[in-house]
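This briefing covers selected local features of one structure. Please keep the sequence and the 3D view open while reading.

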Amino acid sequence: MKINIWSPLPPSPSGIADYVAESLPALGRHLELHVVAEAPEEVAPAADLDLYHLGNSPPHAWVYRAACARPGVAVLHDWSLHHLVLRETVERGEVSAYLREMRRAHGETGSFVGRQVARALGGDLLPSLFPLNDRVLEGSLAVVGLTEYVRARAARRLPGRPVLHLPHHLFLPLDPPPSREEARRALGVPQDALVVTAPGLATSSKRLELAVRAAARLRAAHPALRLVVAGGADPSLPLAAWVREAGLGEAFTLTGRLSLEDFERHLCAADVVLSLRFPTHGEISGALVRALGVGRPALVTAGTPAAEEFPEGIVAPIDPGPREEEELLAVLGRLLEDAGLREDMGRLARAHVRDHHGLDQTARRLAAFLEEVAARKEPLRAEILADRAGEGGLLGFLMEEVLWGARDLGLSRVALGLKDVLGELAGAHPRAHE
C-alpha cells in the first residue's frame, strides 16, 4: 500500500520531525512510503492514503492546510491546535479569520473567548482549553492519537470513524544505553553528584521556575544536587534570573541544543527526570518516553496525558495547584534520599516502556490500522464530503452555522447531510425532481 507521509523532517526544530524520521525505517518494512517534507509546489503523488503528522506549532502550518483540503489520516501529536491556528490568523493580521474559526468550533463561547485571546488577554490557560481542531477532525478519514487522552476525545467527537491509540514509540540512538557512570564520564559530570534533569527546550509550560526554587531549597540537605536543563531555552524565558534569585549558581547547567546521542547520555546520567508541563495541549513528551526507557524515575504533572498514559507507579505525578512547589519539593526530596526507590521506579518504567512502546511494535500497529482505513476509504470520504462546502460562499456559511449549532445541542454524532438540506436554500443546485 502506498502512503504519502506529510511532515517536516530534521533539521526542523519540531520534535515531531525527529519522531517521523525515527519511525520511517520500521514503517517502511510494511508500507510503500513517500515523504512530503515541505509544502509541495505541485500536487503530491497519488497514494492509497495521506498520513498527516500535526502539531501545535508553526512548522506544521502547511501540513494543517493540506489535511483540511484533502481527507486523509491525521496523527495528532497534540490534541489542541490552537496556537497553530492563532499564529496563522491573528499574528498575520487576520483576526476575523481567527474569530470565525473559534465560533465554528466552539460557538458563542468560542466567539467570546476568541476576542480575549486575540487581544492577548487569554494568558496560557485559555487557549489550552479550546483546542480548535474541529476542521482537521471533521475532514479526516481517521485519527491516530499518541495517548489514550487524545484517542478517547477523538472517538467521542467522531463516532463511527476509525480512531487508534498508538503509544509514542521508544527510540534510543544508543541501544543498549550507557550506564549512569559511563554517561557521566562522557559528559564530564561528577560521579558523586545528585543530578535532576529537565530534558528538552525550556519553555514557560515546563514549570522550571518552581524546579529551580525547589532544587535550591533541597541543596541544604543534598549539597551534591545539580539541576540540568538538557536542551536550549526559549529566549523570552527569564531562566538566568530565576537561577540567580534562587541562589542556585554553579549547581545549574543549561546545555543548549544537543545531539540525540548526548541527549540520551544526559537522561542516563540523571538520578531523577523532571517532565512537568502545565498547561498541556494534549501532548506527550518523546523525551519522557526516552527517560523511562533508560530506566529513570520521572516526575510529571498530574491530570495531564503524561500522568494518565502510564500505570500507577511508573511516573510520579505532581499536582499543578497552589501547593505545586511544596509537593514537588516533597516528592523530589523523597526520591533523592532513597536510591532504592529510584532504582525500583526506574526498573518498572523501563520494563513497561520496552513492552508497550517498541518502535517495531508501534509501526506494525499503525500499518495494520492504515490497511483497515484504506478498505473503508470511499464510504468515509463520502461521509466527509456530504457535510463540506467551499469556504466563502453562502452554502459554506450556512453549513458552518448549522454545524456549530448542532454541536451546541449535542448532535455532533449525527450525520446531517447538509449539502442536500441547505443546497436549494443557498441556490447551490436545483433538486433533481424539479
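The model is predicted. Helix α1 spans residues 15-28, and its buried residues are covered by elements that include β1 and α16. The largest nonpolar core holds 54 residues, and another core, of 35 residues, lies apart from it.

**Helix α1**

- α1 has 14 residues and reaches 20 Å from its first C-alpha to its last, close to the 20 Å expected at 1.5 Å a residue.
- At the start of the helix, a side-chain oxygen of Ser 14 comes to within 3.0 Å of the backbone nitrogen of Ile 16.
- A bend of about 25° occurs in α1 at Glu 22, and the proline Pro 25 follows within four residues.
- Glu 22 is itself among the buried residues of α1, as are Ile 16, Ala 17, Tyr 19, Val 20, Ser 23, Leu 24, Ala 26 and Leu 27.
- The cover over these buried residues includes the strands β1 (2-6), β2 (32-36) and β3 (49-54).
- It also includes the helices α11 (260-269), α12 (286-293) and α16 (359-375).

**Nonpolar cores**

- In the largest nonpolar core, Val 73, Leu 292 and Leu 370 touch the most other members.
- α16 gives the most to this core, with seven residues.
- Apart from this core lies the one of 35 residues, which has Trp 79, Leu 81, Val 90 and Val 117 among its members.
- With neighbours within four places in sequence left aside, Leu 292 is in contact with Ala 298, Phe 310, Ile 314, Val 315, Ala 349, Arg 350 and Val 353.

**Loop residue Thr 89**

- Thr 89 sits in the loop that runs between α3 (82-88) and α4 (95-118).
- Thr 89 counts as buried because its relative accessibility is 8%, under the 20% cut-off.
- A polar atom of the Thr 89 side chain lies 2.6 Å from the backbone oxygen of Val 85.
- Beyond its neighbours within four places in sequence, Thr 89 is in contact with Glu 94, Ala 97 and Tyr 98.

**Loop residue Gly 249**

- Gly 249 belongs to the loop between α10 (239-246) and β9 (252-254).
- Gly 249 has a relative accessible area of 45% and is therefore partly exposed, since that class runs between the 20% and 50% cut-offs.
- The C-alpha atoms of Gly 249 and Ala 74 are separated by 45 Å, and the two residues are 175 residues apart along the chain.

How values were computed. Residues are numbered from 1 along each chain as its sequence is written. This is a predicted model: local features need pLDDT of at least 70, side-chain atom pairs count only at pLDDT 80 or more; totals for chains, interfaces and linings use all residues. Side-chain values use heavy atoms; hydrogens and water are left out. Helices (H or I, at least four residues) and strands (E, at least two) are DSSP runs, numbered from the N terminus. Buried means under 20% relative accessible area, exposed over 50%, partly exposed in between (1.4 Å probe, protein chains only). A polar contact is a pair of N or O atoms within 3.5 Å; within protein, one must be able to donate a hydrogen and the other to accept it, and residues adjacent in sequence count only if both atoms are side-chain atoms. Contact means heavy atoms within 4.5 Å. The expected span of a helix is 1.5 Å times one less than its number of residues. The bend at a residue is the angle between axes fitted to the seven residues ending there and the seven starting there. A nonpolar core is a set of buried Ala, Val, Leu, Ile, Met, Phe, Trp, Tyr and Cys residues joined through side-chain atoms within 4.5 Å.
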